[in-house]
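Subject: Structure handover

Hello,

Here is the structure you were expecting. My notes on it follow below.

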Amino acid sequence: MVLGCFLVCSPAALVVAQSYEIGGGLGTAVYSGDILRKIDAGQSGLQGTLFGKRNFDNVWSLKVGVNLAEIMGADSIRPIDAMASLRQGHFTGRITELSAIMEFNFLDYVNQKSEFRFSPYAFFGLGYAFVNAEGRINAGAPVENYRTRTLVLPFGGGIKYLLTDQLTLGMELGFRPTTSDALDQLDSTLPALPRYDTPLGPDTKALPQSLNFGNPNTKDWYYFLGLTLSYTITKARCYTY
């Protein structure tokens, strides 16, 4: 008997119901918030992941992993409106995310008798992110280093393909809503600053103090898109009769 596995027997099937995987992946990360309201592939950073996975059966899996990513945004690249064009805020952040995620496979692709070697899947979970960043909130502010921490609620989906009995290739799109409005430093709790008594230049007007604030009704998000490769340590088998 394989260590860590258990057998479920019935008149119709014999199932080795657990296996373990280790893997990693590379992809891209993007952000949306008070500087970018929509996903902008032109303002993206590199993302990498390492993970371990326990497959409880051919449908449900628990994945625990760490994600490293870079996110960024700048009013100067694609301002969301005329006020953002005057604001000229920008930031670059480095994320370290720890997460525990449940995956649901729609097809029994690991079954030896299955006609499929692939399966779409969906996932949801809970994570915590550490963000170290630098940026400025407006054209009149200095570039500063800052840190923030936030809970993350990962969800998304992808597709897996069984390359061999041990190797699985995956492509995944993940959404990360956070509980923070400060990834881009434009937190709605920032105090109003007594600034811009004079225009920035001969062709500009003084900026209103409200530009110090983020949107108090929304939180920041970030997103991952990438490829993963995992190796199965103990193989789950399902023999049907």
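Strand β3 (residues 19–32) is joined to β11 by 13 bridges, and the two strands run antiparallel. Two strands pair if DSSP finds at least two bridges between them. Within that pairing, Thr28 has Leu225 in β11 as its bridge partner. β3 also pairs with β4, again in the antiparallel sense, over 11 bridges, and Gly27 stands opposite Gln47 in β4. Because 10 of its 14 residues are buried, β3 is largely enclosed by the rest of the structure. Buried here means under 20% relative accessible area, exposed means over 50%, and partly exposed is in between (1.4 Å probe, protein chains only).

Before going further, the ground rules. This is a predicted model, in which local features need pLDDT of at least 70 and side-chain atom pairs count only at pLDDT 80 or more, while totals for chains, interfaces and linings use all residues. Residues are numbered from 1 along each chain as its sequence is written, and side-chain values use heavy atoms, with hydrogens and water left out.

The chain as a whole

The chain contains one helix and 12 strands. Helices (H or I, at least four residues) and strands (E, at least two) are DSSP runs, numbered from the N terminus. Read from that end, the order of elements is β-β-β-β-β-α-β-β-β-β-β-β-β. Of the 241 residues, 44% count as buried. The accessible surface comes to about 12300 Å², and 64% of this belongs to carbon and sulfur atoms; the areas come from the Shrake-Rupley method with a 1.4 Å probe, and for residues only the protein chains shown count as cover. Among contacts with a separation of 6 or more, 69% are between residues 24 or more positions apart, where contact means heavy atoms within 4.5 Å.

Strand β4 (residues 45–55) and strand β5 (residues 60–74) run antiparallel and are joined by nine bridges. They form a hairpin with four residues between them.

Asn105 and its surroundings

Asn105 is found in strand β6 and counts as buried, because its relative accessibility is 5%. Its side chain makes a polar contact of 3.0 Å with the side chain of Lys160. A polar contact is a pair of N or O atoms within 3.5 Å; within protein, one must be able to donate a hydrogen and the other to accept it, and residues adjacent in sequence count only if both atoms are side-chain atoms. Leaving aside residues up to four places away in sequence, Asn105 touches Asn58, Val59, Ser61, Ser119, Pro120, Tyr121 and Lys160.

Aromatic pairs

The structure holds 10 aromatic pairs. Rings of Phe, Tyr and Trp (its six-membered ring) pair if their centres lie within 6.5 Å; planes under 30 degrees apart count as stacked, over 60 as edge-to-face and the rest as tilted. Phe155 and Phe175 are a stacked pair, because their ring centres are 5.2 Å apart and their planes are at 10°. Phe155 lies in strand β9 (residues 155–162) and Phe175 in strand β10 (residues 167–177), so the pair ties together parts that are 20 residues apart in sequence. Phe155 is partly exposed at 34% relative accessible area, and Phe175 is partly exposed at 25%.

Phe175 also pairs with Tyr223, edge-to-face, at 5.8 Å centre to centre and 85° between the planes. Tyr223 lies in strand β11 (residues 221–234), so this pair ties together parts that are 48 residues apart in sequence. Tyr223 is buried, with a relative accessible area of 10%. Phe155, Phe175, Trp221 and Tyr223 form one aromatic cluster.

Regards
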